Amino acid sequence: MNLVTPMPAGQVGRSIPRLEARLKVTGRAEYVHNIVAPGMLYAKVFRSTVAHGRILSIDTSAAAGMKGVHAVVIGEDIRAIVPDPYYGPAFHDQPVLALDKVRYVGEAVAVVLAEDPYVAAAAVQLISAEYEELESVFDEVEAMTSKAVVHEVLRPAGTFPDLKHLVGRRDTNVALDYQLRRGDVDAAFASADHVFEHEFHTQQVMHTPLEPMVSLAVPGDDALTVHTASQSPSFVRIEIARLLGWPENRVRVKVPFLGGGFGAKLYIKLEALVSCLALLVRQPVKLSLSMEEQFYTITKHATTFRIKSAVTSDGRVSGRRCEVYWNGGAYADIGPRVTQKSGFTASGPYDIENISIDSYALYTNRPPAGALRGFGIPQLVWAYESHTDLIARGLGIDALEFRRKNILREGRPHATGTVMKDAAIVQVLDHVADRLDWSKPFDRGSGTIRRGRGIAIGFKASISPTTSMAMVNIAADGSTNLYMSTVDMGQGSDTAMAQIVAETLGIETEAIKVVSPDTDVTPYDMATLGSRSTFHMGNAVKLAADHARDQLAEMARSLGLPTDTNYAVKDLFKKKYGMQAGNIIGVGSFIPTYTSPDLATGLSDNVTPFWMIGGTGVEVEVDTETGHVRILRLVNAADLGRPLNPKIVETQLSGAALMQLGFTLFENMELDGGQVTNASFADYKIPGIHDLPGVIENDIVDAHQATGPYGAKGVGESATFGVSPAIANAIHDAVGVRLTELPLTPESVFRAMQAAKHSSRKD
Amino acid sequence: MKGFELARPASLAEAIALLADGDPTVRAFSGGTALMLMMKTGVFQPTRLVHLGGIEEVHSAILATEDGGLKIGALASLRQVECSPVVADIAPVLVRAMKRLSNVRVRNVARIGGNLAHGDPHMDLPPVLSALGATVGVAGLDGARRIPVESLFSGYYETVLTPGELIVDATVPPQSGWSASYVKVTTRSADDWPALGVAVALRLADGVVAESRIVVSAATEKLTRLPAAEAAILGAEPTTDVFARAGEAAAAEAETIDDARGSAAYKTALLRVHVRRALDEARHTGAMQ
C-alpha cells in the first residue's frame with residue numbers, strides 16, 4: 001500500500017481527454033430524449049394528490065374522449081400484461097401504476113397515451129380520482145411506532161439472503177433492521193470517563209440530473225426493445241423479463257449516453273411502465289419526465305442519527321452506540337441496501353473496541369428514497385464527524401490530534417471484524433491537515449466577519465458481491481472494440497476502461513471503440529453504481545484484454561513466430577486466415593470474494609472488496625450579523641488507489657464535493673402534508689457558478705489497491721463524504737455554534753448565534 | 001400546453017386595442033422570460049399572446065432626457081440597459097444591479113416593461129428604479145399617464161395598471177447630488193430569487209442627509225418605501241451609527257413575510273442590517289455630479 005507500482009509511460013495514468021467529449025460539445029452524442037420510433041405514442045402521467053389513500057375511483061372518461069388521445073391506462077389495466085405487477089430491487093413493493101392504494105403525493109396513478117405530447121398533457125388534466133384518505137406518516141422516527149402503516153405486508157424480492165426473515169411480516173414500516181454488535185458496549189459506557197451523546201438530522205434532497213428520466217419501449221415480434229436512460233441495463237432486462245415471464249433474451253435494453261445519473265436512474269424507474277404500455281397498445285411508447293416530475297421519482301434519504309460515545313480520560317473512544325433511521329419513503333427501492341451496506345460503517349473510520357449499531361430502513365408516505373452519490377455514507381459522516389469534533393472540543397483536544405489518536409489504521413479490524421487493507425485513512429487525514437496548514441496560526445477575522453476551519457474524514461465499503469463481464473474484440477486489421485454494460489453518465493468510464501484495454505494491449509486509447517450498453521450485444525454488468533465500475537468492471541476489462549493478448553500470442557506461436565514477434569496484428573490475421581478475416585475475442589468476468597455479515601452480530605471477516613476514503617477541509621467566513629457563510633477554501637483528498645486518468649479523477653473529486661456542497665448549504669425538498677412544495681429549479685436551488693468556493697484543491701493520495709486493475713479503485717463518491725461536517729465544524733470554529741441539522745442555511749446559523757447570545761446573557 | 005393565438009401588432013395603439021377587453025387569458029408578451037415559465041407549469045394558459053416585438057422602435061430606445069435624466073423605452077432589454085453608456089453615466093446603480101440579476105441569457109431577452117408590469121416582488125429593478133425616483137409612462141385606451149414606480153404595485157403580483165394599459169417607458173429624474181446602492185440578499189444559491197432586496201438613494205447637503213429614498217422588496221408582499229427609516233436619518237450626519245437607526249426603523253415598519261427563503265423574523269433581521277449597509281455603500285459610492 002501507498003506505493004505506486006512503476007509503470008512504463010503507458011496509457012494508464014495519462015490524462016486523456018474524454019473519448020466522447022467532441023461528440024458531446026458538438027451536440028452529436030445520442031440521448032434517449034432524441035430517439036423517435038415510427039408510430040410512437042407519448043405517455044403523460046396522472047399523479048396522486050394525496051399522501052396515503054385507498055383508491056375509490058378513477059374517472060378517465062373525459063380524457064379518453066379528448067381528440068387525439070389514443071388510450072388512458074390505469075393500474076388494473078396493467079394486469080393484462082403482468083398479473084402481479086410489482087417491482088423493485090430489494091422488495092417487490094412498487095406497482096407499475098398504483099393499485100388499491102396510493103402511498104405518496106406524486107405517485108403514478110394513470111397514464112394518457114397520445115401521438116402529441118401536448119395532447120397527452122392536456123388530457124391528464126381531465127382525469128380525476130377519488131381517494132379514501134388514510135392516516136399518513138412522514139417522519140422516519142415516528143414511522144417506527146406510527147399507527148399509519150404504508151405497506152400492510154412486506155414483500156422482499158428474495159434475491160437477498162439477509163432480507164428473507166422479513167418475508168410476510170405485517171403491520172410494520174420497518175423494511176430492514178440491520179444490527180452490528182462488537183465487544184461489550186454497556187461495559188464500555190459503565191467504565192467511561194466521559195460520555196458524549198448527540199442527534200443529527202439530514203433532509204430529503206434530489207439528484208437533479210440535467211437529463212430527466214426518459215424511457216422508450218418498442219414492441220416487436222415476441223420481443224421488446226427498451227431504450228432507456230438507465231444506469232443498470234442488465235438489471236432492467238432481468239426485471240422486465242421476470243415481470244413478463246419471458247426469457248431474458250427476448251428483452252433488449254439499449255442505453256446511450258446519460259445526462260447525469262447520480263443513482264437516480266438505477267434499477268427500474270420508468271422501464272416497467274413503458275414496457276407494459278407498449279405491449280398493451282402494441283405501439284412504441286415513450287415517457288419523458290419533466291424536471292418537476294423527477295421530484296416524485298427517487299430521492300436521497302432524510303435521516304435521524306443518534307450517536308453516543310464512551311471516551312476515556314486520555315481521549316480514546318472506548319465504545320460507541322449508533323442508531324440510524326433512514327426515511328425510505330413509500331417504496332423501498334434500494335433503501336434496505338443503503339441501510340445495511342452503509343449502516344455497518346456508522347461508527348466511522350475509528351478504532352473502537354466496543355460498538356453497537358442499529359440501522360433501520362423505514363417506509364413513510366414521502367417520495368421514495370434510494371441511492372444518491374455516496375449511498376448513505378454522507379448522512380453518516382455528517383453525524384459521526386460532527387460528533388467527533390464535539391468530543392474533541394469537549395475534551396479540549398485539538399480536532400486533528402483527537403482523530404489521529406483514534407483513527408483506524410492499516411491492519412486493524414474494522415467494526416465488522418474485517419481487517420483494513422489498502423485503506424489510506426491516515427494519509428488522507430494528513431493530506432487535508434497539511435493542505436490547511438493545520439498546525440500554523442490561523443487568521444480568525446474581526447468585526448462582523450469571523451473565520452473558522454474544519455476537517456472531516458469518511459470511508460465507504462464497496463457494494464458486494466457483484467459481477468461484471470466484459471469482451472474485447474480485435475478485428476483483423478487490429479482495431480479494437482470494447483463491449484461492456486457500464487454506463488457512461490458523465491463520469492468518464494468509457495475513457496478509463498479504454499485506457500485499461502490500451503495499456504494491456506499496448507495500443508493507443510483513442511483508437512479503441514467502446515460499444516454502448518445494449519443487452520443483445522454487451523455482456524452482463526450488475527450496474528453502474530456505488531463507485532464500483534473502476535474496480536469491478538475494470539478488473540473484468542483487464543481480464544478480457546489479457547485474454548485477447550494471450551490469444552494474439554498463441555496465434556503468433558501457432559504460426560511459428562517467436563513470442564516477441566514484431567509482426568503487426570493485421571499481418572498475423574492475414575498470415576493465419578489468408579486474407580483480412582477473423583476476430584480475437586477476449587472475455588473477462590469478475591466477482592470479488594465476500595463473506596456475508598452474520599445476521600445477529602453484523603460481523604464479517606471479508607465485508608468489502610475495497611475501501612474508499614475521502615477527507616475534506618474547509619475554511620469559512622461567517623457574517624455574524626446575517627449568518628451567511630462563505631466557503632473560502634475547499635480541500636478534497638481521497639484514496640482511490642492509482643488514478644487511471646488523473647484529470648478525470650480530479651473532476652470527479654471536485655464534482656462530488658460541489659454536489660454535496662449544495663446538499664449541505666441549501667438544497668432541501670420542502671414538504672407540506674407530503675406534497676413537495678418546491679418541485680422545480682425555480683424553487684429547489686442547486687449550486688451555480690457563483691456558489692463555488694474561492695479555492696478548490698483536489699488531492700489524490702499516493703496509494704495502490706493491490707486487487708484493483710492497475711492498482712485502481714472507485715472515486716465517484718469519495719469527495720462527498722466529509723463536506724457537510726467539515727463545514728459545520730468550521731462554522732463552530734468561527735462563531736462558536738453547533739448546527740445538527742442540514743441544510744446549514746444562513747438563517748439556521750443566525751438563529752443558533754442568537755440562541756447562544758441569549759443563553760450567555762442568562763448565565 | 002394548449003394552443004393559443006400569437007398576435008403581432010405593428011404599433012402600440014394596435015397592441016393596446018388587442019389587450020383592452022380585459023380577458024385574463026390574453027396577455028402582452030415582450031421577453032417572455034416570466035410568462036413562459038408560468039405557461040410551462042400550467043399556471044397560465046393563454047388564449048392569445050400579444051407580441052410587442054413588432055411595435056414602433058422608439059419604444060426600445062434608451063435616451064438621456066434634456067434635464068439630465070434618463071428615459072428607458074419599455075422594450076429595451078435588460079442587457080441593453082446594462083451595456084448602455086448613457087445609463088452608466090446617469091444611473092450607474094442600474095448597471096451594478098444587473099450583474100446579479102438572473103443571467104446574461106435572460107437579460108438578453110427580458111425587457112424593462114415586462115420586468116415592471118409582471119408585479120413580482122422578487123424583481124431587482126423595481127426597487128432600484130423606485131429609489132431613483134423613477135416613474136413609468138403608461139398608455140391605454142383612455143390616454144397616457146405617469147405613475148411613480150413606488151406606487152405601481154398594489155399587491156403580490158398585482159399592479160395598478162388597468163386592462164389594456166401598457167408601460168411604455170421608465171423615466172429616471174436627474175441624479176445630480178444623489179448616490180444610490182442596491183443590496184440583493186439570497187439565502188440559498190447565489191442565483192436564487194432574493195430573500196431581500198434593499199435599494200437606497202441619498203442626497204447630502206451641508207454634511208447632512210437632505211433627502212433619501214429607502215425601498216424594500218422581496219421580503220415584503222410588494223415593493224415598499226420605508227418613510228420611518230428615511231425620517232430617522234433626515235438632517236443627520238451620514239455616519240454608520242445614524243444609518244443603523246434607519247435599519248432599526250426599517251425593521252420596525254416593514255411587514256416581512258415567511259417563505260421558503262426564510263422566516264419573516266429572519267428577513268426583518270436581514271433588513272435591519274442591510275439598510276445600514278446599503279446606506280453606507282451609497283455614501284461611499286459618492287454622489288453623482
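This tour moves through selections in chain A and then chain B of a predicted model.

**The five-stranded sheet of chain A**

Begin in chain A by selecting strands S9, S18, S17, S16 and S10, which in that order make up an open sheet of mixed pairing. The two edge positions belong to S9 (174–182) and S10 (194–202) of chain A; each has a single partner strand, so one side of each is left without a neighbour in the sheet. On average, neighbouring strands of this sheet are turned by 5° against each other, direction ignored.

Nine bridges connect S10(A) and S16(A), and the pairing is antiparallel. To locate one of these positions, pick Phe196(A), whose bridge partner in S16(A) is Ser309(A). In a regular strand, side chains alternate between the two faces of the sheet.

Now bring in helix H8 (residues 335–342) of chain A. H8(A) lies across S9, strand S17 (317–327) and strand S18 (354–362) of chain A. Relative to S9(A), H8(A) runs at about 10°.

**Thr228 of chain A**

Select Thr228(A), which belongs to strand S12 (residues 223–228) of chain A. Is Thr228(A) buried or exposed? Its relative accessible area is 0%, under the 20% limit, and Thr228(A) is therefore buried. Show the side chain of Ser215(A) as well: a polar contact of 2.8 Å links it to the side chain of Thr228(A). Beyond residues within four places in sequence, the contacts of Thr228(A) include Val32(A), Val214(A), Val253(A), Lys254(A), Val255(A), Pro256(A) and Glu271(A).

**A helix pair in chain A**

Move to helix H9 (residues 377–395) and helix H10 (residues 399–406) of chain A, whose axes come within 9 Å and cross at roughly 110°. An angle from 65 to 115 degrees counts as roughly perpendicular, and H9(A) and H10(A) are therefore roughly perpendicular to each other. On the H9(A) side, the contact is made by Glu385(A), Thr388(A), Asp389(A), Ile391(A), Ala392(A) and Leu395(A). On the H10(A) side, select Ala399(A), Phe402(A) and Arg403(A).

**Strand S6 of chain B**

Turn to chain B and select strand S6 (residues 135–140). Five of the six residues of S6(B) are buried, so this strand is largely enclosed by the rest of the structure. S6(B) and S7(B) form a hairpin with two residues between them. Within this pairing, Thr135(B) has Pro148(B) of S7(B) as its bridge partner.

**Ala219 of chain B**

Select Ala219(B), in the loop between strand S13 (208–217) and strand S14 (224–225) of chain B. Ala219(B) is buried, at 0% relative accessible area. How far apart in space are Ala219(B) and Lys267(B), which are 48 residues apart in sequence? Their C-alpha atoms are separated by 6.2 Å. Lys267(B) is also among the residues that Ala219(B) touches, residues up to four places away in sequence not counted; the others are Ala195(B), Leu196(B), Glu255(B), Thr256(B) and Ile257(B).

**Cysteines in both chains**

Cys322(A) is buried, at 0% relative accessibility, whereas Cys83(B) is partly exposed, at 48%. Over all chains, the number of disulfides is zero.

Technical notes. Residues numbered from 1 in each chain as written. Chains lettered and ligands numbered in written order. Predicted model: local features only at pLDDT ≥ 70, side-chain atom pairs only at ≥ 80, totals over all residues. Heavy atoms only, no water. Helix = DSSP H or I, 4+ residues; strand = E, 2+ residues; numbered from the N terminus. Buried < 20%, exposed > 50% of the residue type's maximum accessible area, 1.4 Å probe, protein only. Polar contact = N/O pair within 3.5 Å; in protein donor to acceptor, adjacent residues only side chain to side chain. Contact = heavy atoms within 4.5 Å. Disulfide = S-S within 2.5 Å. Pairing = 2+ DSSP bridges. Axes fitted to C-alpha atoms, helices over the stretch in contact; angles between N-to-C directions. Parallel < 35°, antiparallel > 145°, perpendicular 65-115°, else oblique.
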